[in-house]
Amino acid sequence: MNKNWFIGVAVMVFLAFLVVFGSNQHEQEIIMSFERRGDGAENNVLERALVLYGKVLEKEEEESIEQIPPALLEKAGRVPPPPVENSFLFRPLVYHEEGFLPKKVFSQLMEAAAPLTAKGTSDVYTAAHKRTNYMIPAGHEITKLVMGKYFIEKIRQITGENDLRPADFPSELRVYTTGASMDWHRDYQLYRNRQHEMVLTLSNPAKGVTEYIDRQGFSHKIKTKPNSLLILRSGGCDHRVLPIDEGTRTILKFVYTRDFTKAPGYYNYLNTKDGQDWLDEAKNQQLYTE
């Protein structure tokens, strides 16, 4: 036997080792990425673990199946739901667009937000650290902008869901100062049909980064510039905000939904004095109709 034959066999063995070991390692990384989440994540982790080991899911709802990486579904002998044309469900888990608003509208939004940045209180209810939140009043100019024609038409165009509309849930001004961050998490489901969470960046220091995990378990980092929009579907992916090392990151968080039927997470989130005050004002303003 010649030397080239031995080299060929050695290469084949090495590649086979990489395929087997790499596949198992990749699957473990996927599971670990889901386990990084905090409270309320156990059911989703269990569902993915069941799929990974080829067992039968107790629930086969499309909403649950859609969140599972296709590679794991195939490994378990399951068929992923077919793609729906123009549906945000089957596009990347995070949508990012720079220059979302016309300059004039963005300037108007910045002017309206400026007096509110100092009104936030420390966020003690989520995975955030050293961040302040301010629930924008239901009758405020910013709320009306978010509910305006431009926002509605643009978001429906992006998602392909023509029944999306502004949710009866407070928009929030969130401010990250130096050292602030947000741990790995998934957004709580607030409505029967999982809502779309919008993050419009108003300001962001040079190194302010959002990181998320895709369906295959790979990490992606996004530097969001002012006037850029992120859209995430609740429960769709793990994501976090890396610690701010300089400057101030300010975002506007708002929600769109397909219907107003509430999930338990809606009331859990608004079970504070500020939340109840907002609900009372929204009712008085009569801004939202089902």
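**View A. Helix α7 and what it packs against.** The buried residues of α7 pack against β1, α6 (141-146), β4 (165-166), β6 (196-203), β9 and β11. This is a predicted model, in which local features need pLDDT of at least 70 and side-chain atom pairs count only at pLDDT 80 or more, while totals for chains, interfaces and linings use all residues. Residues are numbered from 1 along each chain as its sequence is written, and side-chain values use heavy atoms, with hydrogens and water left out. Helices (H or I, at least four residues) and strands (E, at least two) are DSSP runs, numbered from the N terminus. The residues to look for in α7 are Phe 151, Ile 152, Lys 154, Ile 155, Ile 158 and Thr 159, which are buried; that word means under 20% relative accessible area, with exposed over 50% and partly exposed in between (1.4 Å probe, protein chains only). Contact here means heavy atoms within 4.5 Å.

View B. Rings of Phe, Tyr and Trp (its six-membered ring) pair if their centres lie within 6.5 Å; planes under 30 degrees apart are stacked, over 60 edge-to-face, and the rest tilted. By that rule there are 8 aromatic pairs. One of them is Phe 100 with Phe 151, edge-to-face at 5.7 Å centre to centre and 65 degrees between the planes. This pair ties together distant parts of the chain, 51 residues apart: Phe 100 is in the loop between β1 (94-97) and α5 (103-113), and Phe 151 is in helix α7 (residues 149-159). Phe 100 counts as buried because its relative accessibility is 1%, and Phe 151 is buried too, with a relative accessible area of 3%. Phe 254 and Tyr 256 make another edge-to-face pair, 6.1 Å centre to centre with 65 degrees between the planes. Phe 254 and Tyr 256 are both buried. Follow the ring pairs around and you get a cluster of Phe 100, Tyr 150, Phe 151, Phe 254 and Tyr 256.

**View C. Gly 247 and its contacts from elsewhere in the chain.** Gly 247 sits in the loop between β10 (239-241) and β11 (249-257). Its relative accessibility is 40%, so Gly 247 counts as partly exposed. Leaving aside residues up to four places away in sequence, Gly 247 touches Tyr 176, Thr 177, Thr 178 and Pro 205. Gly 247 and Thr 177 are 70 residues apart along the chain, yet their C-alpha atoms are separated by 6.4 Å.

**View D. Two charges over tyrosine rings.** A charge sits over a ring if NZ of Lys or CZ of Arg is within 6 Å of the ring centre and within 35 degrees of the ring normal. Arg 249 does this with Tyr 176, lying over its face at 5.0 Å from the ring centre. Lys 262 lies over the face of Tyr 266, also 5.0 Å from the ring centre.

**View E. Helix α9 and its two faces.** Helix α9 runs over residues 273-285; at 1.5 Å a residue, its 13 residues should span 18 Å, and the end C-alpha atoms are 18 Å apart, which agrees.

View F. Most residues other than glycine have a negative phi. Lys 130, in strand β3, has a positive phi near 60 degrees. Lys 130 counts as exposed because its relative accessibility is 62%. Asn 227 has a positive phi of about 70 degrees and belongs to the loop between β8 (219-222) and β9 (229-233). At 8% relative accessibility, Asn 227 counts as buried.

Terms used:
The expected span of a helix is 1.5 Å times one less than its number of residues.
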